[in-house]
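Please describe the pockets, domains and selected residues of the protein shown here. Keep the report brief.

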Amino acid sequence: MASDLKSDTVGSVVRRTAARLDSDGVPTAKLDAELLVAHVLGVSRAGLAIERDRTLTRREQERVAELADRRAAREPLQYVVGEWGFRRLTLTVDERALIPRPETETVVERCLVLIASLDAPRVLDVGTGSGAIALAIADEHPGARVTGIDVSQDALSLARENAGRTGLEIELLQVDMLAGIPGSDWDLAVSNPPYVRPDEKAGLAPEVVEWEPHVALFDGGHTERLVRDAARALRPGAALVLESFDERARAVAELLRGMGFVDVAVTRDLAGRDRVVEGRRPT
Ligand SMILES: C[S@@+](CC[C@H](N)C(=O)[O-])C[C@H]1O[C@@H](n2cnc3c(N)ncnc32)[C@H](O)[C@@H]1O
């Protein structure tokens with residue numbers, strides 16, 4: 001149910017929306033209220049300050065109330081507003097795929113460093129989801145020829161929309177990575193594989209466990225399979241970059257070493273947590 005509508009200014013609508021989200025247990029109520037109002041008004045969050053005394057139209061107030069209802073039901077803010085920033089891109093996000101996370105931007109950062117010396121590297125993004133990693137690499141390394149694979153047709157349809165939206169060309173294929181990754185002679189394979197263990201499910205926020213696709217979240221041995229396959233599908237000297245976290249990242253690094261990868265390294269995300277594991281096939 002939409003809340004009672006009063007003719008009101010930006011400042012008071014933000015306050016009212018924040019109080020409503022807070023009472024429904026949304027952990028970042030004030031920030032989310034600001035982002036929802038900014039979205040409805042078509043301004044940035046910083047732009048809200050300039051609009052503070054503006055009175056919202058009845059239609060705008062109704063729209064804020066509708067979106068606040070969705071957020072109060074713990075739908076992720078990103079799905080409610082329908083788009084989200086990743087690196088230099090703005091991508092469509094919805095329940096078809098995982099919301100691209102800021103820590104995954106560090107994955108892209110490492111990929112770009114590892115292919116910087118190649119004019120036209122062949123890049124494989126395994127479990128492409130919204131297409132975030134594949135599209136960001138295509139955007140920031142214009143010579144790269146990028147293929148994204150996913151088992152989920154829903155995710156692939158969203159990735160296709162995002163390719164159209166950004167005007168970037170990538171190849172998208174439906175492939176089950178647990179049955180093996182396609183092709184050979186890749187210069188770089190990258191993946192943010194599902195890596196939540198089933199016993200961690202109870203600790204997940206409702207925004208994650210009730211809204212994001214479980215095929216994108218839960219570990220089914222994807223990382224181990226991928227490391228084994230990459231040792232075959234990468235050309236000598238090519239790189240493998242995987243997202244993981246904390247102590248698991250160090251275990252993945254050991255796995256790479258065990259499969260004969262060299263130059264194995266772990267990079268921290270912006271929060272200082274071990275996050276990105278990389279290695280190269282020996283030349
Ligand atoms: C953690 S999400 C990553 C999505 C995107 N790359 C990102 O970083 O935002 C993992 C992705 O792997 C896909 N996936 C899960 N199991 C798979 C499988 N067996 N084969 C291929 N893709 C799979 C999911 O559909 C999901 O899109």
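The second largest pocket holds about 440 Å³ of space. A pocket here is an open set of points on a 1 Å grid over the protein atoms alone, where a 1.4 Å probe fits, with protein on both sides within 12 Å along at least five of seven lines. Grid points are joined across faces, edges and corners, and a volume is the space filled by probe spheres set on the points. Lining residues have an atom within 4 Å of a point.

This is a predicted model: local features need pLDDT of at least 70, side-chain atom pairs count only at pLDDT 80 or more, and totals for chains, interfaces and linings use all residues. Residues are numbered from 1 along each chain as its sequence is written, and side-chain values use heavy atoms, with hydrogens and water left out.

Helix 2 gives the most, with three residues. Helices (H or I, at least four residues) and strands (E, at least two) are DSSP runs, numbered from the N terminus.

The domain bounds come from an automatic or database domain assignment. The C-alpha centres of domain 1 and domain 2 are 34 Å apart.

The largest pocket has a volume of about 840 Å³. Its lining counts 42 residues, with Leu98, Asn192, Pro193, Pro194 and Ala216 nearest the centre. Helix 6 (102–114), helix 7 (132–140), strand 4 (145–150) and helix 10 (214–217) each supply at least two lining residues. Helix 10 has the largest share, three residues.

The table sets out the make-up of both linings.

**Asparagine 192**

Asparagine 192, one of the residues nearest the centre of the largest pocket, sits in the loop between strand 6 (186–191) and helix 9. Is asparagine 192 buried or exposed? At 18% relative accessibility, asparagine 192 counts as buried. Buried means under 20% relative accessible area, exposed means over 50%, and partly exposed is in between (1.4 Å probe, protein chains only). Asparagine 192 and threonine 223 are 31 residues apart along the chain, and their C-alpha atoms are separated by 9.0 Å.

The buried residues are Ala132, Ile133, Ala134, Leu135, Ala136, Ile137, Ala138 and Asp139.

Helix 8 (residues 153–166) has 14 residues. From first C-alpha to last, helix 8 reaches 20 Å, close to the 20 Å expected at 1.5 Å a residue. The expected span is 1.5 Å times one less than the number of residues. In helix 8, Ala155, Leu156, Leu158, Ala159, Asn162 and Ala163 are buried. They cover an arc of only 160° around the axis, which puts them on the same side of helix 8. The arc is that of the directions from the helix axis to the C-beta atoms.

**Other residues**

Arginine 16 belongs to helix 1 (residues 10–23). Arginine 16 is partly exposed, at a relative accessible area of 26%. Lysine 30 is 14 residues away from arginine 16 in sequence and 9.6 Å away in space, C-alpha to C-alpha.

Aspartate 246 lies in helix 12 (residues 246–258). Its phi is near 50°, a positive value in a residue other than glycine. Aspartate 263, in strand 8 (residues 262–268), has a positive phi of about 50° although it is not a glycine. Aspartate 263 counts as exposed, at 56% relative accessibility.

Threonine 283 follows strand 9 (274–280), in the segment after it. Threonine 283 is exposed, at 91% relative accessibility. Arginine 197 is 86 residues from threonine 283 along the chain, with 34 Å between their C-alpha atoms.
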